[in-house]
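Please look through the structure shown here and read the report below alongside it. The sections go from the overall layout to individual elements.

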Amino acid sequence: MISFTLNGAAVSVDLPPATPLLHVLRDRFGLMGGKEGCGEGECGACSVLIDDNLHTSCIYPLGNVSGKRVLTIEGFKGSPQFQCIDAAFAQCGSVQCGFCTPGMILATQALLLKNPSPSVEEAREALSGNLCRCTGYNMIVEAVLLAAKNGGGLW
Ligand code: FES
Ligand code: FES
């Protein structure tokens, strides 16, 4: 039995420790915000925060979350930080598709938790693990910097 905190609630799962966390989140808990894109840790569509750090859940073994805090986009949604990031993404026109946006938002949260006033370069670096093949990243970087500016005190 593997126990951890999922979106603020204590949960236990009886599955093989090597099961990818993404599959547990989707199949066991019905949390569909994280998507399986590449399945190889390359695209960021499956991103979650584990103890406040960004991880690709498609290659993260369930056994490794034992005793840790897992936050998915569903769990993050009600927070004031989410509201701030969401508003900044909307204002900058950087809301993209349902496939990459949850990962982009969680990557932004992971960055701002560590660095509430990132530079353009730091924002680009923080988003570099989240691939979008459709558009550029400029509007997303702008949104990250706007969230940092508007969210004074939230992070
Ligand atoms: S699906 Fe996990 S990184 Fe692409
Ligand atoms: S992958 Fe989502 S907008 Fe490009």
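The chain is divided into domain 1, residues 2–76, and domain 2, residues 78–151, and the model described here is a predicted one. The contact between these domains takes 19 residues from domain 1 and 20 residues from domain 2, while their centres, taken over C-alpha atoms, are separated by 20 Å.

About 1500 Å² of area is buried between domain 1 and domain 2, and carbon and sulfur atoms give 66% of that area. On the side of domain 1, Leu 54, Ile 73 and Phe 76 lose the most area to domain 2, and together they account for 42% of what that side buries. Across this interface of domain 1 and domain 2, the rule finds zero salt bridges.

## The hairpin of strands 1 and 2

Strand 1, residues 2–6, pairs with strand 2, residues 9–13, in the antiparallel sense, and five bridges join them. Leu 6 stands opposite Ala 9 of strand 2, and in this hairpin, which has two residues between the strands, Asn 7 takes a positive phi near 50°.

## Strand 3 and its two partners

In a regular strand the side chains alternate between the two faces of the sheet. For strand 3, residues 47–50, both faces are covered, with Ser 47 and Leu 49 on one side and Val 48 and Ile 50 on the other, all of them buried.

Strand 3 runs antiparallel to strand 4, residues 53–56, to which four bridges join it, and the bridge partner of Leu 49 in strand 4 is Leu 54, a residue that is also among those of domain 1 that lose the most area to domain 2. The hairpin of strand 3 and strand 4 has two residues between the strands, and there Asp 51 takes a positive phi near 50°. Strand 3 also pairs in the antiparallel sense with strand 5, residues 69–71, over two bridges, with Ile 50 standing opposite Val 70 of strand 5.

## Helix 6 and what covers it

Helix 6, residues 138–150, has 13 residues, which at 1.5 Å a residue should span 18 Å, and this agrees with its end C-alpha atoms, which are 18 Å apart.

An α-helix has 3.6 residues a turn, so residues three or four places apart point the same way. The buried residues of helix 6 are Ile 140, Val 141, Ala 143, Val 144, Leu 146, Ala 147 and Ala 148. What covers these buried residues of helix 6 includes helix 3 (80–91), helix 4 (101–114) and helix 5 (120–127).

Conventions:
Residues are numbered from 1 along each chain as its sequence is written. Chains are lettered from A and ligands numbered from 1 in the order in which they are written. This is a predicted model: local features need pLDDT of at least 70, side-chain atom pairs count only at pLDDT 80 or more; totals for chains, interfaces and linings use all residues. Side-chain values use heavy atoms; hydrogens and water are left out. Two strands pair if DSSP finds at least two bridges between them. The expected span of a helix is 1.5 Å times one less than its number of residues. Buried means under 20% relative accessible area, exposed over 50%, partly exposed in between (1.4 Å probe, protein chains only). Contact means heavy atoms within 4.5 Å. Domain bounds come from an automatic or database domain assignment. Buried area is the accessible area (1.4 Å probe) that two parts lose on being put together, summed over both. A salt bridge is a side-chain nitrogen of Lys or Arg within 4 Å of a carboxyl oxygen of Asp or Glu.
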